[in-house]
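This report examines one protein structure and describes its sheet, its nonpolar cores and its pockets. Please look at the sequence and the structure before reading on.

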Amino acid sequence: MYLDRSAGRTAGRLGAAVAACVALLSAVGCSAANEGTGVRVAADAPDAQASATAAPKAKGGNKSGRGKTSNARPAPSAPEPAVLAQAQAHISDGDTVGVGMPISVTFPQPVPAAERKAVEDWLRVRTSSGTTGAWSWVKDQNLYDGQRVDFRPGTTYWKPGTKVTLRVGSHGVRHFTIGRSLVATVDTNTHEMTVSTDGGTRHIPITAGAPGTDTWNGTMVVMDKQPRVLMDSSTVGLGTAYKDYYNWAVHVTASGTYVHENERANTEAGHHNVTHGCVGLATDGTARHFYDQVMVGDVIRVTGSDKDRVAAGNGYGDWNLTWKQWLEHSAAGQTTTA
């Protein structure tokens, strides 16, 4: 099935950056213990993203082998694939996003393996910082194989302040900016989240997933955020454990993991893990402050959990693949943007 992956302007017009999550927002939950999703956005959720503006036909391609670097892609040798006319990019023109946000493009039907190099060649990325990166085909948990391709830098996140242009063949152009750096590291053993920004480091007591409903390990990227979200345990196989609205919800996986305000964090944060998979923050202004600070594309890393590492296609888990693994799913290989 084809999913429209836009969801709003809550954090700078970025349409819900939700890799296949939007179709499930009518039943999404706060449990990372189930691949299903169980959260519903409140009725006053933001509007959908604007469509791409028209653009001249892109120039460029990549004739280099997989894993090899070229300073600039030559003109594509293959005709422009027709599927690009229906491609959907998750970033809106003019957005500012965090340093972890990949460029993600989805298609209404799977792209055959034989056509993927041509698609990558016609998806043109230009940056102000000469970023080295690559497209890679990601198996989104809510799409078929071949329906999603992402571009990310190599072994490090985007450089703050980078200006990026994406051309979807001859069918559209997006200009966006990489904002300041924010990386939040959640240690489920010490029950603490360390928020590192260009301006310094802050330590926040947290409570994570209790044994049996552990929080996902690994690197996640903020997909969207909402001031109020209904979370229903019945939608993720946890019966009647909870059904309530939670405030200051920062969304990090398509399976329903959030960093959000939780009353139990008032006594348990810094001491015990008691949630159903989300990361809970106290109601004393801690959750609101983090919500106000974070933007779509910021990095959330979880360590110490007994749960598996989050999959690349469960939201934007792209950074959980090594560069070598990333290139294994790239048809055109590595390139240096200019």
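Two strands are said to pair if DSSP finds at least two bridges between them. The model discussed here is predicted.

Strands of a sheet pair through backbone hydrogen bonds, in either a parallel or an antiparallel sense. Strand 9 and strand 10 adopt the antiparallel sense, with five bridges between them. Within strand 10, F176 is the bridge partner of V164.

In soluble globular proteins, nonpolar side chains tend to be buried together. The largest nonpolar core of this model has 34 residues, and I103, V105, F107 and W135 have the most contacts inside it. Elements that each supply at least two residues of this core include strand 5 (103–106), helix 1 (116–122), strand 8 (148–153) and strand 10 (173–178). Strand 9 gives the most to this core, with three residues.

Which residues does I103 touch, not counting residues up to four places away in sequence? Among them are V125, W135, V149 and F151. The contacts of I103 also include V164 and F176, and these two residues are bridge partners in the sheet described above. H90 and D150 are likewise touched by I103.

A second, separate core has 24 residues, including M220, A287, F290 and Y291.

| Pocket | Volume |
|---|---|
| Largest pocket | About 330 Å³ |
| Second largest pocket | About 230 Å³ |

The largest pocket is lined by 18 residues, of which Y246, H260, E261, N262 and E263 are the closest to its centre. Strand 15 (224–232), strand 16 (243–251) and strand 17 (258–261) each supply at least two residues of this lining. Strand 16 gives the most, with four residues. By class, the lining of the largest pocket comprises eight nonpolar, five polar and five charged residues.

The second largest pocket is lined by 16 residues, and the closest to its centre are S136, W137, V138, E328 and H329. Strand 7 (132–137) and helix 4 (323–328) each supply at least two residues of this lining. Helix 4 accounts for the largest share, three residues. The lining of the second largest pocket has seven nonpolar, four polar and five charged residues.

Terms used
Residues numbered from 1 in each chain as written. Predicted model: local features only at pLDDT ≥ 70, side-chain atom pairs only at ≥ 80, totals over all residues. Heavy atoms only, no water. 1 Å grid on protein atoms, 1.4 Å probe; cavity = no way out; pocket = protein on both sides within 12 Å on 5 of 7 lines; lining within 4 Å. Points joined across faces, edges and corners; volume = space filled by probe spheres on them. Nonpolar A, V, L, I, M, F, W, Y, C, P; charged D, E, K, R; others polar. Core = buried A, V, L, I, M, F, W, Y, C linked by side-chain atoms within 4.5 Å. Buried < 20%, exposed > 50% of the residue type's maximum accessible area, 1.4 Å probe, protein only. Contact = heavy atoms within 4.5 Å.
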